Amino acid sequence: MIARSIEVREHTDADTIVAFASESGSAESLSQQLVKMLRSQGAKVLHLPLNQVTSERMTKSRSLFVIASTYGEGDAPDNGRFFIPSIKKTTACYPELCFSILGLGDTSYEHFCGFSYDINTILLERDAQVLAPLVAVDRNDPETIASWFAQLAEAGVIHSDQLSAMEFSDRALVNPQYPLRFKGRRHLNSGSPGAPIYEVTLDVRNQFSWQAGDIVQLHMKGQIREYSIASIPEESELMLLVREQNHPDGTRGLGSGWLCHQATTLDSVDVSIRCNPSFHCSADVEKLILVGNGSGLAGLRAHLKARELSDQHDNWLIFGERSPLFDRHWDDQLIAWYESGHLSYFNRSYSRAESSELASVAGEASVGYVQDVVAENSERLTRWVNAGATILVCGSRDGMAQDLDHQLCTILGGDQVEALTAAGRYRRDVY
């Protein structure tokens with residue numbers, strides 16, 4: 001699969017913005033459909049991640065269409081999380097701006113489509129006019145999605161005859177599927193105080209391609225399970241790092257149970273690749289800071305392997321786990337990268353460790369969490385960022401990624417963290 005790129009057409013006379021805040025790709029896909037319809041009618045459209053919709057842009061525009069996902073308890077995706085704070089920094093109002101919002105969410109959460117409602121509220125507070133009412137969609141329900149587009153047609157934004165050619169089903173929002181044979185698994189942390197973690201490989205047989213940062217979707221029993229891809233196509237296999245998940249009643253998780261225990265080399269699974277441009281890394285990045293914990297090492301490993309093949313060796317890995325005695329995933333490869341200079345710096349932190357247990361750990365090892373490592377190395381971090389470094393974060397959203405974000409704001413300042421995000425130099429794949 002060829003990676004999509006976000007196309008931004010800078011028209012000086014553009015008066016329409018289509019913005020997306022996408023967690024899994026559905027919001028971005030739907031926004032692309034709307035952009036295609038508007039441009040086919042001759043409209044001059046800016047297609048942007050919501051973070052890039054500035055107060056100045058809205059002042060110059062007549063129409064704003066937002067398709068936004070909400071994750072967790074009302075939270076914004078990374079590519080939309082600075083939109084509301086940036087508006088609040090100004091006193092600007094937008095009485096000439098008409099807007100409409102399509103919210104994607106899940107009614108099993110208390111604050112269903114909470115982020116979309118928050119966008120709606122602040123735009124109304126700033127005197128923007130509702131062009132078509134907000135539509136909140138439960139788990140990509142196609143009929144609800146179609147109803148929002150129908151509203152746009154009724155408002156004269158798009159031609160009604162275009163709607164019949166559109167497909168809003170889940171199938172239309174899912175990438176092509178391929179059957180992959182299970183190749184093998186390896187238990188990496190026997191004896192760990194944490195849940196078992198496995199290296200799992202699937203045989204791709206050159207059926208498709210992907211790039212570092214992309215996500216594999218496993219289609220199992222009518223459900224989708226997503227995992228960060230740890231390998232690159234040149235390695236001729238799709239490699240994952242999977243933490244065993246168990247339900248409160250003791251039953252195993254659907255995806256991890258099959259991958260970590262049930263699958264044999266006679267079995268196969270249908271997969272699709274979700275392009276994840278928000279976690280891609282530009283080929284011209286000279287310095288790269290990679291931060292993660294647990295199974296998040298998978299996404300970071302793919303970027304390090306890709307940079308090894310392209311002779312880009314100015315890399316700093318900061319990784320956190322529980323025990324230095326048992327949780328040293330892919331230790332041989334990481335040490336080899338450190339000793340060869342592919343890793344300029346290699347920091348590992350362990351949350352359940354005694355100082356005496358760190359002696360055998362290559363690189364710099366400490367007791368604590370990755371955000372503590374960042375704090376202790378704030379001068380180096382600032383120096384790397386000022387030299388143009390990009391920061392990639394992969395791992396748990398609650399805890400690690402949240403605390404790291406706060407630490408970066410403390411060290412660099414909130415405005416610089418926001419600027420790094422807008423410039424694509426602070427990217428996260430967190431879950």
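Tutor: Let's start with Arg-380, which lies over the face of Tyr-345, at 3.6 Å from the ring centre. Keep in mind that this is a predicted model, where local features need pLDDT of at least 70, side-chain atom pairs count only at pLDDT 80 or more, and totals for chains, interfaces and linings use all residues. Residues are numbered from 1 along each chain as its sequence is written, and side-chain values use heavy atoms, with hydrogens and water left out.

Student: What makes Arg-380 count as lying over the face of Tyr-345?

Tutor: The rule wants NZ of Lys or CZ of Arg within 6 Å of the ring centre and within 35 degrees of the ring normal. At 3.6 Å from the ring centre, Arg-380 meets the distance part, so it is listed over the face of Tyr-345. Arg-397 lies over the face of Tyr-71 too, at 3.5 Å from the ring centre.

Student: How many aromatic pairs does a search of the whole structure find?

Tutor: Eight. One of them is Trp-148 with Phe-149, 5.2 Å centre to centre and 85° between the planes.

Student: Why is that pair called edge-to-face?

Tutor: Rings of Phe, Tyr and Trp (its six-membered ring) pair if their centres lie within 6.5 Å; planes under 30 degrees apart count as stacked, over 60 as edge-to-face and the rest as tilted. Trp-148 and Phe-149 have 85° between the planes, so edge-to-face it is.

Student: And why is the pair of Phe-208 and Trp-210 called tilted?

Tutor: Their centres are 5.8 Å apart and their planes at 50°, so the pair is tilted.
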